[in-house]
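Please look over the sequence and the model shown here before reading on.

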Amino acid sequence: MSAQPEPALLYSEEEEALRAAVRDLLTDHCDPADVVTRTESAAPHDVPLWKSLAGSMGLAGLLIPEELGGQGATHREAAVVLEELGRAVAPVPYLTSSVVATEALLACGVEDLLGELAAATTVAVLAVGLHVAPGGAVASVRLDSGLLHGELTGIADASVADVLLVPADDGGLYAVGAADATVTPQVSLDSTRPPARVTLDGVSGRRLGDAEPAVRRALRAGAGLLASEQLGLADWLLTETVRYLKERKQFNRPVGGFQALKHRLARLWLEIAGLRAAARNAADALATGADTDVAVAVAQAYAARVAVHAAEEALQLHGGIGMTWEHPVHLYLKRAKADSIAYGAAGTHRAALAELVDLRAP
Amino acid sequence: MTDAAELRRRTRELLTAHPPATTDRLDFLRARFDAGLAWVHYPEGLGGLGAPRSLQAVVDAELAAEGAPDNDPRRIGIGLGMAAPTILQYGTDEQKRRLLRPLWTGEEVWCQLFSEPGAGSDLAALGTRAVRDDGGDWIVNGQKVWTSSAHLARWAILIARTDPDVPKHRGITYFVCDMTDPGVEVRPLRQITGEAEFNEVFLTDVRIPDSRRLGDVGDGWRVAQTTLNNERVAIGGTPIPREGGMIGKIAATWRERPELRTHDLHQRLLGLWVEAEVARLTGVRLRQQLVAGQPGPEGAGMKLNFARLNQEISGLEVELLGEEGLLYDDWTMRRPELVDFTGRDAGYRYLRSKGNSIEGGTSEVLLNIVAERVLGLPAEPRTDKDVAWKDLAR
């Protein structure tokens with residue numbers, strides 16, 4: 001196979017500064033105990049936190065060009081934000097609005113909406129089930145006499161969206177005001193990124209462009225950058241478990257000194273080192289456009305197992321406390337498990353790789 | 001500071017004075033060493049110019065472009081990777097002058113006399129004894145094992161017990177042993193592949209002058225850390241292209257032999273392909289960290305990845321081959337000079353890769369190192385730390 005251009009897999013100084021700023025905000029305003037409490041309320045999303053991140057810090061516009069009011073940054077910076085949001089399992093619509101919907105709008109060149117997203121006055125979500133992989137089958141609504149009719153399910157963060165980007169059966173992507181749709185939250189495994197059912201009952205929408213290329217591009221970016229969120233989840237889980245096992249004593253010793261546990265944590269550390277490389281590679285490939293399909297598929301074929309493994313190990317190694325509603329590890333387990341389905345399960349991405357790297361099925 | 005332009009100038013000077021096409025290979029290598037272009041980060045007079053290590057690539061590229069001979073680094077890996085850094089750090093001026101030049105040119109091959117039948121992962125428990133005689137020489141008796149290149153070597157780096165009355169880490173001394181001395185007996189050690197890459201080395205009343213000691217008496221364990229740290233870098237740190245190494249072998253077979261494919265094998269192949277690519281990216285990232293002067297702890301894990309993936313991929317390849325997987329190319333007892341983990345047939349690769357999680361530090365010990373040095377988890381309680389070596393259980 002031909003030599004690949006070498007991706008830049010480290011974090012730049014600017015990226016580290018961005019990380020520090022996001023982490024500071026989340027440390028002050030996204031306490032895990034509050035996230036647990038919030039998931040039990042009717043409004044699981046943290047809107048004040050979102051306003052700080054998206055508005056005051058300008059992070060909603062990272063992928064939006066400066067001339068439209070955005071930051072003109074790249075997927076590399078957005079990936080760093082997602083690492084930190086994952087580390088805090090923050091209930092904000094960053095991935096869905098500032099990455100996925102933003103990419104769809106960029107594909108269609110919708111300048112006014114992009115300006116609103118960059119200014120954080122509007123939250124948009126792509127009305128495609130969270131489980132759908134790039135290139136996967138997409139459900140659409142019916143366009144009849146200029147009005148949209150139908151029901152779409154599994155639409156993540158729809159309950160805080162102002163605008164829904166809806167694929168219709170004429171092949172177009174339509175912007176629909178959320179106020180004109182019926183959005184019904186679904187009881188979900190992961191309450192920090194809750195899906196909803198969207199019902200359109202003769203609603204008028206604005207045609208933005210062709211749905212297929214826009215959705216494909218949006219889901220590819222979502223899948224690629226999801227790996228950085230999964231990295232953040234896994235990194236927090238390992239760090240917190242190591243910290244706890246140094247403190248927790250049984251048999252007159254710190255539990256973290258038992259070799260059976262040390263080896264499990266060392267293996268997990270090694271898996272996470274791999275995930276960091278794969279996630280950086282995907283973010284860099286999305287930014288540069290080089291080898292992007294392979295980089296995204298590799299990251300998503302690898303990331304889910306690591307994040308879920310980290311959560312499952314964290315729970316087990318915390319013992320009884322890990323099984324309680326009070327301890328935040330379950331938030332991470334639920335997010336990690338939901339993420340293993342989001343934007344296509346690992347097997348779907350492996351199947352994509354089989355074509356991309358010419359390792360064909362029988 | 002010697003910069004890239006200066007190195008290019010010196011390299012061209014070397015090439016002009018000793019044109020590779022008309023110069024004897026060994027003469028060229030000696031001249032390269034004397035010009036300070038062997039390993040540019042070494043001191044002047046010892047094959048280097050005190051330049052940054054990263055600039056070696058500049059010299060290597062210029063020389064390769066002119067078809068200059070190299071020192072066949074794979075054949076003399078133990079000398080280059082382990083003995084040389086240790087001699088550089090702990091050797092006397094006389095030792096450096098005598099030993100480094102023929103080591104680098106490959107005129108003198110080196111081997112490593114560390115592991116023993118009773119001291120594997122617990123290397124510091126080693127029992128080979130070195131006792132000083134009245135003339136100040138050391139008389140060495142003991143048995144070493146898993147010694148590659150011992151049958152080719154002129155020199156060995158050797159650690160031996162010089163004080164059995166103190167705890168094990170403190171009673172070890174590091175020597176350079178002349179493999180041609182009387183009392184050194186090298187026997188091939190046949191391994192599961194059928195061949196004998198390694199040797200057992202029996203040391204019977206071998207006399208080593210005190211001038212061949214490296215470092216202080218009793219300080220051999222610390223000296224050996226230099227050797228072992230360099231070994232792990234040597235085994236796991238080389239960057240490879242996508243589908244480099246073991247995964248490239250099975251991928252090629254998969255593409256060329258569609259009749260062998262099953263759905264089960266396909267899923268497992270894709271899973272391993274992804275893991276191999278992620279391991280490769282981890283290595284790329286580690287190297288970028290080194291270049292940026294921020295060495296990451298990932299290095300400790302690279303060998304764990306390498307060993308496990310080699311084993312799993314070669315195991316899958318044997319299975320993929322079906323009827324052919326039942327066969328083996330050749331069980332003849334041979335003495336290969338070079339070891340290629342991805343060489344020969346799938347059966348050989350499967351068997352040879354079993355050693356990857358044992359040689360150069362077992363995977364179990366490496367996991368302990370990651371847990372303790374990277375994650376900061378507590379060490380197991382030790383029962384051997386304050387016990388004199390002679391009183392240890394064995």
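The points below treat the build of chain B and then the domains of chain A. The model is a predicted one.

**Overall build of chain B**

- Chain B contains 11 helices and 8 strands.
- The C-alpha trace of chain B extends over about 75 × 60 × 45 Å along its principal axes.
- Because a compact globule of 394 residues would have a radius of gyration near 21 Å, the 23 Å of chain B agrees with that expectation.

- Of the 394 residues in chain B, 40% count as buried.

**Domains of chain A**

- Chain A is divided into three parts: domain 1 covers 13-122, domain 2 covers 142-210 and domain 3 covers 213-356.
- A distance of 20 Å separates the C-alpha centres of domain 1 and domain 3 of chain A.

**Where domain 1 meets domain 3 in chain A**

- Domain 1 of chain A gives 23 residues to this contact, and domain 3 of chain A gives 27 residues.
- On the side of domain 1, the elements that supply two or more residues are α2 (32-39), α4 (75-87) and α5 (94-108) of chain A.
- The largest share of that side, 10 residues, is provided by α4(A).
- By class, the side of domain 1 of chain A that touches domain 3 of chain A consists of 15 nonpolar, 3 polar and 5 charged residues.

Technical notes: Residues are numbered from 1 along each chain as its sequence is written. Chains are lettered from A and ligands numbered from 1 in the order in which they are written. This is a predicted model: local features need pLDDT of at least 70, side-chain atom pairs count only at pLDDT 80 or more; totals for chains, interfaces and linings use all residues. Helices (H or I, at least four residues) and strands (E, at least two) are DSSP runs, numbered from the N terminus. The radius of gyration is taken over C-alpha atoms; the globule rule is 2.2 Å times the number of residues to the power 0.38. A residue is buried if 20 or more other C-beta atoms lie within 10 Å of its own, exposed if 12 or fewer, and partly exposed in between; C-beta atoms are placed from the backbone. Domain bounds come from an automatic or database domain assignment. Two residues are in contact if their C-beta atoms, placed from the backbone, lie within 7 Å. Ala, Val, Leu, Ile, Met, Phe, Trp, Tyr, Cys and Pro count as nonpolar, Asp, Glu, Lys and Arg as charged, and the others, Gly among them, as polar.
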